[in-house]
Amino acid sequence: MTTLNRDFDFDALNIMREKYHQERDKRIRSDGNKQYHEPKGQFSNYAKDPFIQTEIKRDALNDEVEVVVVGAGFGGLLAGASLREAGLEQKKAIRLIDQASDVGGTWYWNRFPGAMCDVESYIYMPLLEQLNYMPTEKYASGSEIFSYCQKIAEHYHLYDNACFQTEVTEVRWNQELQRWRVSTDRGDTIMARFVCMSNGILHRPKLPGVKGLENFEGHAFHTCRWDYQYTGGDMSGNMTGLENKRVAVVGTGATAIQCIPKLAESAEHVYVLQRTPSSIDVRNNCPTDTDWFAQQAAGWQQERRDNFNRILSGEHIDSDMINDGWTDISKNLSALLTNNTDIASAPDQIAKYAEAIDFNKMSQIRNRVDEVVSNSETADKLKAYYRAGCKRPCFHDEYLQSFNRDNVTLLDSQGKGVENVLANSVVVDGQEYPVDCLVFATGFELNPAIKKKAGYEVIGKNDLKLSDKWEQQTSSMHGVITSEFPNCFIISNLQSAFTVCITHSLEEQARHIAYIILNAKTQDATEVNVSKEAEQKWGELIVAQPNITEEFYNECTPGYYNREGEKNKLNLHNRSFANTVEYFKTLNDWREEGTLKGITFD
Ligand code: NDP
């Protein structure tokens, strides 16, 4: 733990804050979020699924199910599992629909070499007790998580009625039948009593806004569509196809730092095209201690998740079960506040000491670069100058080490990014570098618009489109149900609360939805609606959430966390609970009360 004394040197912090601002300012672009290309039109190849083994051929469906779950990533899987756990046992009652060829969502698409989850597997991988599964390591690999997703689907019989390689094109309420009609790009017409949408948050890849991208004649792909046909090998590396290839990786975010060490082992040369360095803390992965795992008492996973969540939400807890880079900063602040009540009672003092703790942490991370990277010039370029939460914190024990290899070159663009792409080369900072392959580790669109997120329209009562209803302001109760859209449930980050352990949030929402659906079934209700009053009350609660994060992100270097530095664009109604513990408790208390307050059954 990086501890902080009260006599901290605030002058040093003031100087560093100035440096952070300079680094931010040179990265602010007038085109903000618009700088990126979507993988469509001339770039549509970048979105093609390279993992399809067999094209599914089937006739269009014309049938009815109890619940259609759109999206078969962790959100959809947890919706299915929660419905089963709550008693919806009939195998054909649930139909998962996904454009991918299998379940897994993020873990279906992101099969880049070295992919792993940077959140501890014992809390990230859900339902471990139900499936009696022991993750092999503290931080699980992407391939283990993907096959675990398949295990969940098998365990809960979610494959039985699933439709893959199928895109939903419209979800429309039929008042007469009191059913949803789900249409797909395969001509399916599926009637459903309930619809549960888990469309994902970071799933639409984006390409860098670089001149000449379309002119590149070498091989190019996005990390979430890794082309193993070209590179050879698999997620563990061994990419023999790259033996005599010069590969340029665009981006140095959480994805890039995981795949670069693997590329370095296989390619003739790797150019790392950096616009902003990531902060890279230690990983310390280790195999699971089987004795420790066997000793865990019933309910251990929930307890561990709650422990993580409470620490990250700022509670002071004596025992930190996870004890990693994620909990370090929060623990530090809560310990300081517990031991210094005068600071804890003054919000400006809390902010001041939070910044000091952050400064210490980031200094420690910058010092680590010097310890690991032998070339001091390269080391300097790899240092992150922004506050810890400005960008996704990264954890890795081989990334920085890659820069000590002769076949890895860091091309730092001083915050400007790649200048130009030519037929067989990239231009960075005025210099041309011939390359055979371009790997775009440039991340994903974060668009709160529901239609953009989902890729289809939801049409409720009186032909009301959800995108129209939410254009002015998102409105819901608990973030999962919205009026005029009966029997329709949404798993998302809007008007809810998301923790770093995203599967925890997904499972809390999934359980909540399953509770409402099963209650509706027990009471033989044909329509489940939320009252306008309940929706309005929830909206007021959301708008009243403290605005700390918005102020914080305004100070940050651009990235998707702060809409690439675009200020004041946040619709207050799209916000989430500031405190995840509180959100989960609110849902839980509501269920325990047992009156389904705000919901009407017809
Ligand atoms: P990010 O959005 O985090 O990173 C994109 C990278 O591309 C940034 O380094 C960005 O630079 C760079 N970039 C964009 N445009 C240009 C350009 N024109 N020239 C040069 N560089 C450019 O995407 P990731 O895929 O890395 O991560 C996305 C999210 O996925 C993470 O934040 C995390 O939530 C999740 N993830 C989770 C993992 C886990 O272990 N749980 C692992 C991997 C990803 P700049 O910073 O300057 O914008």
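**Contacts, burial and the ligand shell**

Setting aside neighbours within four places in sequence, Thr580 is in contact (heavy atoms within 4.5 Å) with Asn309, Ser313, Ala497, Phe498 and Thr499. This is a predicted model: local features need pLDDT of at least 70, side-chain atom pairs count only at pLDDT 80 or more, and totals for chains, interfaces and linings use all residues. Residues are numbered from 1 along each chain as its sequence is written, and side-chain values use heavy atoms, with hydrogens and water left out.

Q: Why does Thr580 count as buried?
A: Buried means under 20% relative accessible area, with a 1.4 Å probe and protein chains only. Thr580 has 8% relative accessibility, so Thr580 counts as buried.

Q: How far is the side chain of Arg275 from an oxygen atom of the ligand?
A: An N or O atom in the Arg275 side chain is 2.9 Å from that oxygen. The protein buries 90% of the 920 Å² that the ligand exposes when taken alone (Shrake-Rupley method, 1.4 Å probe).

Q: Why does the ligand lie between domain 1 and domain 2?
A: Domain 1 (1-30 + 207-284 + 324-442) and domain 2 (62-203 + 446-549 + 562-601) both give residues to the shell around the ligand, so the ligand lies between them. The domain bounds come from an automatic or database assignment.

Note on methods: Polar contact = N/O pair within 3.5 Å; in protein donor to acceptor, adjacent residues only side chain to side chain. Buried < 20%, exposed > 50% of the residue type's maximum accessible area, 1.4 Å probe, protein only.
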